[in-house]
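The sequence and structure come before the details.

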Amino acid sequence: MKVPPSGGPPPISVRSLRKVFRQATSGQAVVAIDRLDLDIAPREVVAIVGQTGCGKSTFFDLMIGLEAPSDGTLRIGDKSPYHDFDFFRGRIATVFQQDRLLPWRTALENAKLPLELLSVPEDEQRKRALSWLQRLGLANFANAYPHELSGGMRQRVAIARAFALQPDILLADEAFGHLDEVTAAELRETFLTLARECGSTAILITHQLEEAISVGDRIVVFGKSAKRLADIHVESWPKSKYGLLREAIQATLQSDKPDVRLTQPPPPRSSTGERGPNERA
Amino acid sequence: MALEEHREAVPSLNFPRQTLVSLLVFAICWEALSHLSPYLGIPPFAIPGFLTIAKSVAHVTPIDIAVTLARVIAALLASFVLGVFLAMAMYRSETLDNYLHPMIRILMAVPVVSWILFAVLWFPGVEFRICFVLVIVCGPVFLVDMLDAMRNVPRELRHMMRSFRPTTPQFFRKLMLPAIVPTIFTSWKVNISLAIRVVTIAELVGAVTGIGHQLSVAQELFSVSDVFAWTVVLVALLFLLEALVAAAEARMLRWRT
């Protein structure tokens, strides 16, 4: 098994996606995702925000391919992550809320785990994993076990593990949510820089609006059953109006209806040299 | 917590003072009884003194110890391999689990003596009989322990692993088996103790070598000192095997410290 050749990430297309679960105890059907339509362009960084139980994590599992859609389609390029599960080996990488490191492996061994699964030669595994650990500031901790590292350091190892694959699609589920604000901001910045360098499409699931605004090219706001309430291109909003944007998203989440400020064109940039979107990162 | 850590840190062969005192008290009582037995109406052979027991220990035949040890180790290895592979298959297939689970429960409920009698009636070869009894008794214990441990591997880790799309052998090799290593060692300790007891009974029936056979001979000769000597050997063997497993455990699980 070799690392698949990659000509850049394919577009993601979601059409009338529906996911229904049946409750084990009552047998009642629960609609987690109801007719979601979404397109994500290659190399886009999309933040998906929504309240707890809105279907964000179900969407994450469908993207990974661990769950089958009940109806509709989710395609990455012309393949389905569920039905063409093996095709995406080495092409999709994930970072979870908890680091999910294997406690019996050192930081280096954890970082090279996905490369082992791809049967990359041992020397190459080591070289690539070490280089990512170095980039994440963990060169001196390569031989440390997870319990010897702080929460932030462990999450860095988890990020190194994901980037070691240099995947087409990077998925992060509340990846920085449990860290203190300083560490989280630092890691968000690193994650964004590395994702752009790798040319990966990144999808971040979060309930933190600050995180969504600071990281995403786009913010997709999920209402109940993953109903798409708003789809915001952050670059069209001047930085000085981010406070307004945050309030509008907050109001949308609370009312489960698109806030009027998000349905109108974004406020114009001020003429005082407002920084453009590409200067954000 | 501190107490648990202390207990874990104490090597199994490190005898605390209280153990030595209790052993010494037992030895004194035994020796006293062996001298007083004629006055208590107990036959002199029933409670031999330590000098007599020491003579019996000196006559212990290493070949019988080696044979019993070889039988125990071979059967435990076979039981372990069988248990692990069946546990992996049952973990993967709910249908197989549903079919095999009741059977395993029944196997575990059958008394050891019944298995020995079945073995004697079914199989002509002594070695096969002994191996059959050991595997049929220890195999299900390994299987149930391994299956339970696999099911207790945190869902988050299984989810993470599956997100990287491993093949089935990779899933078990990289995640499940390393994750259940602590249970593997615990199960080995339990099964060593079980196997030592079962092999002795199995060797009593039909075997012409091994510790069980020697115990049978000692019983026919009314030699309590020989029974005592072979029992001491069995207990020492058990402690030795447990100490070896504990040493391997400490080495393989050093990431926990």
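## Helix α7 of chain B

The expected span of a helix is 1.5 Å times one less than its number of residues. The model is predicted. Helix α7 of chain B runs over residues 126–151, and its 26 residues should therefore span 38 Å at 1.5 Å a residue. The C-alpha atoms at its ends are 38 Å apart, in agreement with that expectation.

Within α7(B) there is a kink of about 25 degrees at C138(B). The kink lies shortly before the proline P140(B).

## Packing of α3 and α12 in chain B

Two packed helices are described by the angle between their axes and the distance between the axes. For helix α3 (residues 50–58) and helix α12 (residues 224–252) of chain B, the angle is about 60 degrees and the axes are 8 Å apart. Angles from 65 to 115 degrees would count as roughly perpendicular and those under 35 degrees as roughly parallel, so α3(B) and α12(B) are oblique to each other. Their crossing is right-handed.

On the α3(B) side, the contact is made by T52(B), I53(B), S56(B) and V57(B). These meet S225(B), D226(B), F228(B), A229(B) and V232(B) of α12(B). By class, the residues of this contact are five nonpolar, three polar and one charged.

## Contact between chains A and B

Chain A contributes 18 residues to the contact and chain B 13 residues. On the chain B side, α8 (155–163) and α9 (168–179) each supply at least two residues. The chain B side comprises six nonpolar, three polar and four charged residues.

Notes. Residues numbered from 1 in each chain as written. Chains lettered and ligands numbered in written order. Predicted model: local features only at pLDDT ≥ 70, side-chain atom pairs only at ≥ 80, totals over all residues. Contact = placed C-beta atoms within 7 Å. Helix = DSSP H or I, 4+ residues; strand = E, 2+ residues; numbered from the N terminus. Nonpolar A, V, L, I, M, F, W, Y, C, P; charged D, E, K, R; others polar. Bend = angle between axes of the 7 residues up to and from the residue. Axes fitted to C-alpha atoms, helices over the stretch in contact; angles between N-to-C directions. Parallel < 35°, antiparallel > 145°, perpendicular 65-115°, else oblique. Left-handed = near helix turned anticlockwise from the far one by under 90°.
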